[in-house]
Structure formats: structure tokens, C-alpha cells
Amino acid sequence: MVKKRAGRNERYFEMTHHFDSGFRSRKKKPKLQAFLAVLICLLAVGGFFWKSGAIRQNQVETMLHPKVTDKRSEEQAREDFDKQLQKIFEEEVTDDTLTLNYTLKRPEDYGISEKEPTLGSFSLEGLRESLIVSENRIAMLETFDFEKLNTEQQLLYDIIYKMSKQNLTAADFLEYSEVLSPTSGIQAQLPVFFAEYHFYQKEDVEKYIALLEKVPDYFRDILTFEKAKSKKGIFMSDITAQAIIEQCEDFIKEPEKNYMISVFQKKLSELHEASEKEKKEWMKKNETAVKKSVIPAYKELIKGLKALKGTG
């Protein structure tokens, strides 16, 4: 979803063990354990190729930590590191409204106040900004003496540091990024994210409807990116494009029965603090948003992808 500083490209971890009060992990976002598994797999693959020497130097480099002369005491270094973790956490969960809703039930408990509801955006500029974020995080980490951090902090240090480094290796290939795919693309996931959006209080319902109205702009950002890929001859294959088109067509073929309308009604039934009058008004607003914003956005995406077929 998606702001994509580059959006979820940059969302490295959820720190569930570090922020457990009021924390809800979001589906489709890797937890800390997943990152550990990935790192273990990478080390295993690296061991397989060790004899060839093809990546020997890279392995050595990834296992080293910057030598830092840190005059802070161990206690102060750990306190400062936690502050930096908190800052990263806040940056990530406020990247877009869906992420914040899935992650925290009470953002105010963490001193987080949400601004205008947003789905974020997806663009080449945003992807480039993600590189700056990675550079800044690496620079921040390199001000800490690794040995002064506790075991948990060292683990998080390594995750952020290595994945930031990895993100920078993609600097020359940003235009190969892809958010559309037949099974797990954003066009398939977005309705699911909306269906699982939490209505903790009345304000969440209003934000939800506002987000639906932002889908057209979000999809236009994606189409602009796809057109740029097309001009360079790196657009997706026709088979992939057609599969996505058919999936979108299936989603909108019966507007009156669209599941985003029926799911919304079920979700409202769980919001006991709202009156029946309020619920009826919201149901009308939701239906209008689905029919006049969401479905037209999918139609525009379909039209755009059809026009780009054959340019991959």
C-alpha cells in the first residue's frame, strides 16, 4: 500500500517484541522472525558458493561491523539507540493510513498523531527517496559502537543495516520495480487490506471512506510508472498484463454485489458505539465511494494496461 518512500519496499521490520502494547502486526508484512529466516537462508546459500570464491569477499564484508569510536557510555548508547528505533518505527507506521491502522490500535499511546488519510503514492521519485532513507539509516547506525548495544539491539542493528545496504544495491534498477502481478499485486491486495481495516472508533470509518476516494489517484501513480517502464521496453509480458486485466475485470463485473459493499456492512455491525442512523449514512457513503471511486479506478487501470500490452 503504499506510499513507497518507496513505500513498503523500505518497511524492514515490525519490532513486535519491542512495541508489544497495543501493537497489531499487519498481514503481508514480514515479522522479525521472517527476517531471521531470510538471513539464515542467505548465509546457507553463501556457504554453498564459498568454494567457488565468487562471493567470498562479500560474505566477509557483511559479517563485519563499522569500527566506531563512541564516547558514550554503554547505558547512554543503548538509550540513544532505542530512541532511533522509535523514530524508525514512527516513520514506518505513519507511511500510510492502512499501515497505521493495522499496526497500532491507539497511535496516541506512542505519541503518534495521524495527519490526513493517505494511501501514499508509487513513483520513481519515491523509490529514489527510499535510497536516501537507506543512506541516512546507515549513517545513523555507523555512529554507534556495535559492542555497546545489547543482544536485541545488535540483532535489530544488523537487520536494518544489511537491508539498507541491500536496498542501495538496487539503485540502478529502480525502474524494474513492480507492484502489479496476477496473484499478489497491489490490485489484488488492496481490496483485502480494505476488508481487514479495523473500525476501532467512529473516526476510523470516516478515514476508511476517505481512503476509498483516493484509490483513483493511487492507481494513476502506478500507471504513470508503468508507462515509464513501457518507454524503456521493460514493461511486463503480455501474458502477465492480461492476467492482471482479467483479475481486475472480475473484481468489478458486478458493482452492485461488490464484496467491498457487503463486507463494509458486516464490519459496521461490530462498531457498537455508532447509532443505526450513522451506520446507514456510512453505508451510503461507502457504496458511493466504491461505485464512483474504486470501480472507476480499476476501469482506468484496465484501460491503461491494455494500451501498454505489447510494449514489454
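The side chain of Asn 286 reaches the backbone oxygen of Met 260 at 3.4 Å. This is a polar contact, that is, a pair of N or O atoms within 3.5 Å; within protein, one must be able to donate a hydrogen and the other to accept it, and residues adjacent in sequence count only if both atoms are side-chain atoms. The model is predicted: local features need pLDDT of at least 70, side-chain atom pairs count only at pLDDT 80 or more, and totals for chains, interfaces and linings use all residues. Residues are numbered from 1 along each chain as its sequence is written, and side-chain values use heavy atoms, with hydrogens and water left out.

Asn 286 lies in helix 12. Its relative accessibility is 0%, so Asn 286 counts as buried. Buried means under 20% relative accessible area, exposed means over 50%, and partly exposed is in between (1.4 Å probe, protein chains only). Beyond residues up to four places away in sequence, Asn 286 touches Tyr 208, Ile 209, Leu 212, Met 260, Ile 261 and Phe 264. Contact here means heavy atoms within 4.5 Å.

The overall fold comes next. The protein has twelve helices and zero strands. Helices (H or I, at least four residues) and strands (E, at least two) are DSSP runs, numbered from the N terminus. Read along the sequence, the pattern is α-α-α-α-α-α-α-α-α-α-α-α. Of the 312 residues in the protein, 44% are buried. Contacts between residues at least 6 apart in sequence were also examined, and 78% of them join residues at least 24 apart. The protein exposes about 16600 Å², and carbon and sulfur atoms supply 53% of that area. Accessible areas come from the Shrake-Rupley method with a 1.4 Å probe; for residues, only the protein chains shown count as cover.

In soluble globular proteins, nonpolar side chains tend to be buried together. A nonpolar core is a set of buried Ala, Val, Leu, Ile, Met, Phe, Trp, Tyr and Cys residues joined through side-chain atoms within 4.5 Å. The largest such core holds 51 residues. Leu 98, Leu 180, Leu 190, Phe 194, Tyr 208 and Phe 219 touch the most other members. Several helices give two or more residues to this core, including helix 4 (97-103), helix 5 (124-141), helix 9 (215-231) and helix 12 (276-308). Helix 12 supplies the largest share, eleven residues.

Met 140 lies in helix 5. Met 140 is buried because its relative accessible area is 14%. It touches Gln 84 and Ile 88, not counting residues up to four places away in sequence. Met 140 and Phe 81 are 59 residues apart in sequence, yet 9.4 Å apart in space, C-alpha to C-alpha.

Phe 81 also belongs to an aromatic cluster, in which ring pairs link Phe 81, Phe 144, Phe 146, Tyr 157 and Tyr 161. The structure holds 18 aromatic pairs. Rings of Phe, Tyr and Trp (its six-membered ring) pair if their centres lie within 6.5 Å; planes under 30 degrees apart count as stacked, over 60 as edge-to-face and the rest as tilted. Charged groups also meet rings. Arg 72 lies over the face of Phe 144, at 4.3 Å from the ring centre. Lys 267 lies over the face of Phe 199, at 4.6 Å from the ring centre. A charge sits over a ring if NZ of Lys or CZ of Arg is within 6 Å of the ring centre and within 35 degrees of the ring normal.

Three further residues were examined. Asn 167 is found in helix 6 (residues 151-168). Its relative accessible area is 13%, so Asn 167 is buried. A polar contact of 2.8 Å joins its side chain to that of Ser 134. Tyr 176 lies in the loop between helix 6 and helix 7. Tyr 176 counts as exposed because its relative accessibility is 54%. Its contacts, not counting residues up to four places away in sequence, are Lys 229 and Ile 234. Glu 114 is in the loop between helix 4 and helix 5. At 27% relative accessibility, Glu 114 counts as partly exposed. It touches Thr 97, Leu 100 and Lys 207, not counting residues up to four places away in sequence.
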